[in-house]
Amino acid sequence: MKKVYGSASEALDGVLFDGMLIAAGGFGLCGIPELLIDGIVDAGTKDITVASNNAGVDDFGLGKLLATRQIKKMMSSYVGENAEFMRQYLSGELELEFNPQGTLAERMRAGGAGIPGFYTKTGVGTVIAEGKEVKSWNGQDYILEEGIFADLSIVKAWKADATGNAVFRKTARNFNPPAAMCGKICILEVEEIVETGSLDGDAIHLPGIYVHRLIQGEHEKRIEQRTVRAA
């Protein structure tokens, strides 16, 4: 089965459709699938729901899709550094489903494991619990959260072999593995494709069974908040 494609546009061909749900890896600008995001911008797909911790910054990452009004709804934990994200939400132009970070990660992981829902104490007694089923165990209330089953997962890793076995670098792993797991189709972008069998099996963070398509490319890897020590 062919997994390696020549570009983001080739890998996205035949996958995108209006109104789809996309799970995106990354945290801020760390470990984001920037090439695939650019490919979706170029494709013009609209009315997208994106499950991602946040939406990057105004002119980079998922912020590009907000700028082109291709995103209809965000399922996120953090509005963050993106002023346009905040503006669209407050003006009613963008739907927002707030999720605690751990809940969002577990919703993705649950979807990848085929689990339709789970109970968690996080959010009990807050606006997060509004409209959700509540059950009590041992005198403690828990709310029902649904697993995320995305139409497409877009994720980024450091390196992978041609079968999609992937290794993430340090904190760039973040939301990428659970995001990859929950998509009907997962497209992975990497900095380097290595020879199959060259990766230590114990060092693989994402098994290739989850990856359907794979691209290699150059990445800007912009720093969200550049902080340096005074000389």
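Glu97 is partly exposed, with a relative accessible area of 24% (buried means under 20% relative accessible area, exposed over 50%, and partly exposed in between, with a 1.4 Å probe and protein chains only). This is a predicted model, in which local features need pLDDT of at least 70 and side-chain atom pairs count only at pLDDT 80 or more, while totals for chains, interfaces and linings use all residues. Residues are numbered from 1 along each chain as its sequence is written, and side-chain values use heavy atoms, with hydrogens and water left out.

**Salt bridges**

- The structure holds 16 salt bridges, a salt bridge being a side-chain nitrogen of Lys or Arg within 4 Å of a carboxyl oxygen of Asp or Glu.
- Side chains of opposite charge can pair when their charged atoms come close.
- Lys73 is partly exposed, at 21% relative accessible area.
- Arg69 forms a salt bridge with Glu93, and the closest N and O atoms are 3.5 Å apart.
- Arg69 lies in the loop between helix 3 (63–67) and strand 3 (71–76), and Glu93 in the loop between helix 4 (83–90) and strand 4 (95–98), so this pair ties together parts that are 24 residues apart in sequence.
- Arg69 is partly exposed at 44% relative accessibility, and Glu93 is partly exposed at 40%.
- Lys132 and Glu145 form a salt bridge whose closest N and O atoms are 2.8 Å apart.
- Lys132 sits in the loop between strand 5 (117–120) and strand 6 (134–137) and Glu145 in strand 7 (residues 140–146), so the pair ties together parts that are 13 residues apart in sequence.
- Lys132 is partly exposed at 25% relative accessibility, whereas Glu145 is buried at 2%.

**Cysteines**

- The structure holds zero disulfides, a disulfide being a pair of cysteine sulfur atoms within 2.5 Å.
- Cys30 is in no disulfide, and the nearest cysteine sulfur, that of Cys186, is 17 Å away.
- Cys186 is in no disulfide either, and its nearest cysteine sulfur, that of Cys182, is 8.9 Å away.
- Cys30 counts as partly exposed at 27% relative accessibility, whereas Cys186 is buried at 0%.

**Largest pocket**

- About 340 Å³ of space lies in the largest pocket.
- On a 1 Å grid over the protein atoms alone, a pocket is an open set of points where a 1.4 Å probe fits, with protein on both sides within 12 Å along at least five of seven lines, and lining residues have an atom within 4 Å of a point.
- Grid points are joined across faces, edges and corners, and the volume is the space filled by probe spheres set on the points.
- The lining has 19 residues, of which Leu29, Cys30, Gly31, Ala172 and Lys221 lie nearest the centre of the pocket.
- Strand 8 (residues 150–161) gives the largest share of the lining, three residues.
- By class, the lining has nine nonpolar, two polar and eight charged residues (Ala, Val, Leu, Ile, Met, Phe, Trp, Tyr, Cys and Pro count as nonpolar, Asp, Glu, Lys and Arg as charged, and the others, Gly among them, as polar).

**Helix 2**

- Buried residues in helix 2 (residues 34–43) are Glu34, Leu36, Ile37, Gly39 and Ile40.
- Gly44 follows helix 2 and has a positive phi, near 75°.

Note on methods. Helix = DSSP H or I, 4+ residues; strand = E, 2+ residues; numbered from the N terminus.
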